[in-house]
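Please read this briefing beside the sequence and the model. The points are grouped by topic, and each term is given its cut-offs where it comes up.

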Amino acid sequence: DGLIVGQSTGTSGNRGVFVISEAERFTWLGVILAKTLPDFPFTRHKVALALPGFNPLYASANETGRLALRFFDLTQGVDAWREALSAFAPDTIVAPPKVLRALAETTSLPLRRIFSGAEVLDPLDRQIIEARFKTPVREIYMATEGLFGVGCRHGMLHLAEDVVAFEFEPAAGGLVSPLVTDFTRSTQIMARYRMNDLLRLSDEPCACGSPLQRVAQVEGRQDDVFLLRGAAETPVLVTPDVMRNAIVDADRRIRDFRIIQTDADTI
């Protein structure tokens, strides 16, 4: 009946489904364009999306006539479309951080804007990507449940408090988990929806001047928290940032890793 059904990228391990109306689709497009390409529509852009799944939200961008948007399917592997991406020569790219890093190590692109999405941006990956392309990496914090934040021109992530109301539940290690209410959606109501993301908020003002809440780091999901057996047999929560820092600080030559819990007190 004129509604659009889309699905998430599935990076959480579960592929979510959402329903929106045609009007909501273009509301979303307007919000994300205002936050990522503020000179649109006065400037034309070529945008590459390298993601695990195509979303009907993205198709609306090509209908503006001022954007050339091309989708590159990660399920095919980067090597399958690396040459096509170079030929397209995008000025803007949206991709998971590990893909951006792989492109930084192997491909030359005329990028003016780089957006990381779908996964947590690790500081080590950010450093490598920015050094190669001489452009700050800006995060897009989006989930099946909506658009929650976009990085500013200084590379700092700000929550989209102008369209979404955020409440925060405390978690381990000074982190918080958000409850979200999206006032742009009426087809599928999103009211005080509890996310399982773990955020580290920052009270420091940003040089961009935005009053929107700044996020120091999206640390991961509560699914990524390890519950380890402590010295007194008491369970201890260990958050992703602690584990990440332990690995990176152990040896600076470690540039890619995965941490797996194999027993109650063994990783």
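In which loop is R192 found? R192 is found in the loop between β11 (176–182) and β12 (193–194), where helices (H or I, at least four residues) and strands (E, at least two) are DSSP runs numbered from the N terminus.

This is a predicted model, in which local features need pLDDT of at least 70 and side-chain atom pairs count only at pLDDT 80 or more, while totals for chains, interfaces and linings use all residues. Residues are numbered from 1 along each chain as its sequence is written, and side-chain values use heavy atoms, with hydrogens and water left out.

**Backbone angles**

- Most residues other than glycine have a negative phi.
- R192, a residue other than glycine, has a positive phi near 50°.
- A89 is not a glycine either, and its phi is positive at about 50°; A89 lies in the loop between α3 (78–88) and β5 (92–95).
- With a relative accessible area of 27%, A89 is partly exposed, on a scale where buried means under 20% relative accessible area, exposed over 50% and partly exposed in between (1.4 Å probe, protein chains only).

**Second largest pocket**

- Rolling a probe the size of a water molecule over the atoms shows where empty space is left.
- The search runs on a 1 Å grid over the protein atoms alone, and a pocket is an open set of points where a 1.4 Å probe fits, with protein on both sides within 12 Å along at least five of seven lines.
- The second largest pocket holds about 940 Å³ of space, a volume being the space filled by probe spheres set on the grid points, which are joined across faces, edges and corners.
- The second largest pocket is lined by 25 residues, of which K98, V120, D224, F257 and R258 are the closest to its centre; a lining residue has an atom within 4 Å of a point.
- Two or more residues of this lining come from each of α4 (97–106), α5 (123–133), β14 (214–221) and α6 (240–250).
- By class, the lining has 13 charged, nine nonpolar and three polar residues, with Asp, Glu, Lys and Arg counted as charged, Ala, Val, Leu, Ile, Met, Phe, Trp, Tyr, Cys and Pro as nonpolar, and the others, Gly among them, as polar.

**Cysteines**

- The structure holds zero disulfides, a disulfide being a pair of cysteine sulfur atoms within 2.5 Å.
- C152 is in no disulfide, and its nearest cysteine sulfur, that of C206, is 3.7 Å away; C152 counts as buried at 9% relative accessibility.
- C208 is likewise in no disulfide, with the sulfur of C206 as its nearest cysteine sulfur at 3.5 Å; C208 is buried, with a relative accessible area of 18%.

**Aromatic pairs**

- A pair of aromatic rings is described by the distance of the centres and the angle of the planes.
- There are five aromatic pairs in the structure; rings of Phe, Tyr and Trp (its six-membered ring) pair if their centres lie within 6.5 Å, and planes under 30 degrees apart count as stacked, over 60 as edge-to-face and the rest as tilted.
- The ring centres of F72 and W81 are 5.4 Å apart and their planes are at 45°, so this pair is tilted; both F72 and W81 are buried.
- The rings of F166 and F168 form a stacked pair, because their planes are at 10°, with the centres 6.3 Å apart.
- F166 counts as buried at 13% relative accessibility, whereas F168 is partly exposed, with a relative accessible area of 30%.
- Ring pairs link Y141, F148, F166 and F168 into a cluster.

**Helix α1 and distances across the chain**

- Helix α1 (residues 22–36) has 15 residues that should span 21 Å at 1.5 Å a residue, and the 21 Å between its end C-alpha atoms agrees with this; the expected span is 1.5 Å times one less than the number of residues.
- Among the buried residues of α1 are W28, L29, I32 and L33.
- V31 is placed in helix α1 and counts as buried at 18% relative accessibility; V31 and V236 are 205 residues apart along the chain, and their C-alpha atoms are separated by 40 Å.
- I247 lies in helix α6 and is partly exposed, with a relative accessible area of 26%; I247 and A143 are 104 residues apart in sequence and 27 Å apart in space, C-alpha to C-alpha.
- I260 is placed in the segment after α6 and is exposed, with a relative accessible area of 51%; I260 and F226 are 34 residues apart in sequence and 9.3 Å apart in space, C-alpha to C-alpha.
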